Amino acid sequence: MFGTNGYAGTGVAAIAKKAGVTPSAVIHHFGSKENLLKAVLDEFDARAVARVTGSELAQALLDDAEYTMAHKGLATLHTVLQAEHLARDDEITHRFRARNRALRGHFAAVLGEAAAVELIAFIEGALTVWLLDPETTDLRAMYARYLARLQNGETGPDPAPSG
């Protein structure tokens, strides 16, 4: 529901109804809507990190693309919440920034900093392109083409940007 309606557009009562529980049950378990969002992001991030750090990077990213295609709601959740918090300076914004930096660090250890920044940009852009038109866009195929060019040295800033 956060992915469909955004954080601000999703109420505890609607979440509870969708889950088949009472609003007080949601509050009892999470304390607040913000804590529920944090729990959702914790789980989302833990699963995402496990998918992209578990094996050889290119294969892990291809597997992640397949997972994303099978779980469009989670991809929408990520994109909507990240966009909703870009102009804010709150805990959720800091969480997205920390996640971005952690992934960049992981990718940089394998590819170097400049290629890691580019890879993050590709992933975020590819996700948006796919979400806009999943019927005619094959996310995994986009990943495969990009990763092949990256591995062959056909992509990446030259010279590497500073900062």
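Buried here means under 20% relative accessible area, exposed over 50%, and partly exposed in between, using a 1.4 Å probe and protein chains only.

## Ground rules

This is a predicted model, where local features need pLDDT of at least 70 and side-chain atom pairs count only at pLDDT 80 or more, while totals for chains, interfaces and linings use all residues. Residues are numbered from 1 along each chain as its sequence is written, and side-chain values use heavy atoms, with hydrogens and water left out.

## Helix α4 and its cover

Let's start with α4, residues 33-53. Helices are DSSP runs of H or I with at least four residues, strands are runs of E with at least two, and both are numbered from the N terminus. The expected span of a helix is 1.5 Å times one less than its number of residues. For the 21 residues of α4 that gives 30 Å, and the end C-alpha atoms are 30 Å apart, so the two agree.

The buried residues of α4 are K33, L36, L37, K38, L41, F44, D45, A48 and V52. Covering them are elements including α1 (2-5), α2 (12-19), α3 (23-30), α5 (57-70), α6 (72-84) and α7 (91-111).

## Where α3 meets α4

The α3 and α4 axes come within 9 Å and cross at roughly 65°; axes are lines fitted to C-alpha atoms, for helices over the stretch in contact, with angles running from 0 to 180 degrees between N-to-C directions. The crossing is left-handed, as the near helix is turned anticlockwise from the far one by less than a right angle (clockwise would be right-handed).

On the α3 side, V26, I27 and F30 meet K33, N35, L36 and A39 of α4, with contact meaning heavy atoms within 4.5 Å. By class, that contact has 5 nonpolar, 1 polar and 1 charged residues. Nonpolar covers Ala, Val, Leu, Ile, Met, Phe, Trp, Tyr, Cys and Pro; charged covers Asp, Glu, Lys and Arg; the others, Gly among them, are polar.

N35, in helix α4, is partly exposed at 33% relative accessible area. A polar atom of its side chain lies 3.0 Å from the backbone oxygen of F30.

Over in the loop between α3 and α4 sits S32, also partly exposed, at 23%. Its C-alpha is 8.3 Å from that of V12, 20 residues apart along the chain.

## T93 in α7

T93 belongs to helix α7 and counts as buried because its relative accessible area is 6%. Leaving aside neighbours within four places in sequence, T93 is in contact with H85 and R88.

Terms used:
Polar contact = N/O pair within 3.5 Å; in protein donor to acceptor, adjacent residues only side chain to side chain.
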